[in-house]
Amino acid sequence: MTGGAAGQRYWLGVVSREHVQRGVELGIAQVNHGKRTPLERMRPGDGFLYYSPREGMRTGAPIRSFTAIGTIADRPVWQADPQDGGCFQPWRRAVHYRTDARAIPIDELRGELDLTSAPNWGMVLRRGLVELTAHDFAVIAQAMIDEPQAREAYE
């Protein structure tokens, strides 16, 4: 995929909207059911987006929208304390989220994105973390933030 200035890369995490809201609240990214390796591919300054197929994990109404946008912070990946009184200890990465972003349905941008140009683009999202082109990140950022300069900053 195409990176931005000085090796900057762009990432798309696929997570339910409920989990996105929690991640934004905590200032973290958590993908692929808490696995460490995908998070370690990210570097400080990389762009990060969440796409939410549904309201909840395997439940709830379909959302099919980009639901959060931010920048990977300069902090190493870390493992959280056990969650929900059990032994699940997900790996996390710090993210500076834009608080002025709004959710955008993927259908509004499908004709403009490299991601959706392939016939089975939906299968790509099942990976849980996808690297995006700078072009796609810029298109989505402009739509979510509603600022023309958001697109220019990434192209």
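Trp-121 is buried, with a relative accessible area of 13%. Buried here means under 20% relative accessible area, exposed means over 50%, and partly exposed is in between, with a 1.4 Å probe and protein chains only. I start with this residue and then widen the view.

This is a predicted model, in which local features need pLDDT of at least 70, side-chain atom pairs count only at pLDDT 80 or more, and totals for chains, interfaces and linings use all residues. Residues are numbered from 1 along each chain as its sequence is written, and side-chain values use heavy atoms, with hydrogens and water left out.

Back to Trp-121, which sits in helix 3. Helices (H or I, at least four residues) and strands (E, at least two) are DSSP runs, numbered from the N terminus. Not counting residues up to four places away in sequence, Trp-121 touches Ile-106, Arg-110, Leu-115 and Thr-116. Contact means heavy atoms within 4.5 Å.

Asp-136 belongs to helix 4, residues 134–145. Is Asp-136 buried or exposed? Asp-136 is buried, because its relative accessible area is 2%. A polar atom of its side chain lies 2.8 Å from the backbone nitrogen of Leu-115. With neighbours within four places in sequence left aside, Asp-136 is in contact with Glu-112, Leu-113, Asp-114 and Leu-115.

Now the chain as a whole. It has five helices and eight strands. From the N terminus on, the order is β-α-β-α-β-β-β-β-β-α-β-α-α. Of the 155 residues, 45% are buried. Taking contacts between residues at least 6 apart in sequence, 66% join residues at least 24 apart. The chain exposes about 8300 Å², and carbon and sulfur atoms supply 47% of that area. The areas come from the Shrake-Rupley method with a 1.4 Å probe, and for residues only the protein chains shown count as cover.

Next, the pockets. Rolling a probe the size of a water molecule over the atoms shows where empty space is left. On a 1 Å grid over the protein atoms alone, a pocket is an open set of points with protein on both sides within 12 Å along at least five of seven lines, and lining residues have an atom within 4 Å of a point. A volume is the space filled by probe spheres set on the points, which are joined across faces, edges and corners.

How much space lies in the largest pocket? About 1100 Å³. It is lined by 35 residues, and the closest to its centre are Val-14, Val-15, Ser-16, His-19 and Met-57. Helix 1 (17–26), strand 2 (28–29), strand 3 (47–56) and helix 3 (121–125) each supply at least two lining residues. Strand 3 gives the most, with five. The lining divides into 15 nonpolar, eleven polar and nine charged residues. In that count, Ala, Val, Leu, Ile, Met, Phe, Trp, Tyr, Cys and Pro are nonpolar, Asp, Glu, Lys and Arg are charged, and the others, Gly among them, are polar.

The second largest pocket has a volume of about 170 Å³. Helix 1 supplies the largest share of its lining, four residues. Six of the lining residues are nonpolar, three polar and three charged. Among them are Arg-17, Val-20, Arg-98, Ala-103 and Thr-67.

Beyond its neighbours within four places in sequence, Thr-67 is in contact with residues including Arg-17, Val-20, Ala-103 and Met-144.

Helix 1 also holds Glu-18, which counts as partly exposed at 44% relative accessibility. Glu-18 and Gly-56 are 38 residues apart along the chain, yet their C-alpha atoms are separated by 5.6 Å. Leaving aside neighbours within four places in sequence, Glu-18 is in contact with Glu-55 and Gly-56.

Last, the loop between strand 2 and helix 2 (37–40), where Asn-32 lies. Asn-32 is not a glycine, but has a positive phi of about 50°. His-33 lies in that loop too, also with a positive phi, of about 55°, although it is not a glycine. His-33 is exposed, with a relative accessible area of 57%.

How values were computed: On a 1 Å grid over the protein atoms alone, a cavity is a set of points where a 1.4 Å probe fits but cannot get out, and a pocket is an open set with protein on both sides within 12 Å along at least five of seven lines; lining residues have an atom within 4 Å of a point. A polar contact is a pair of N or O atoms within 3.5 Å; within protein, one must be able to donate a hydrogen and the other to accept it, and residues adjacent in sequence count only if both atoms are side-chain atoms.
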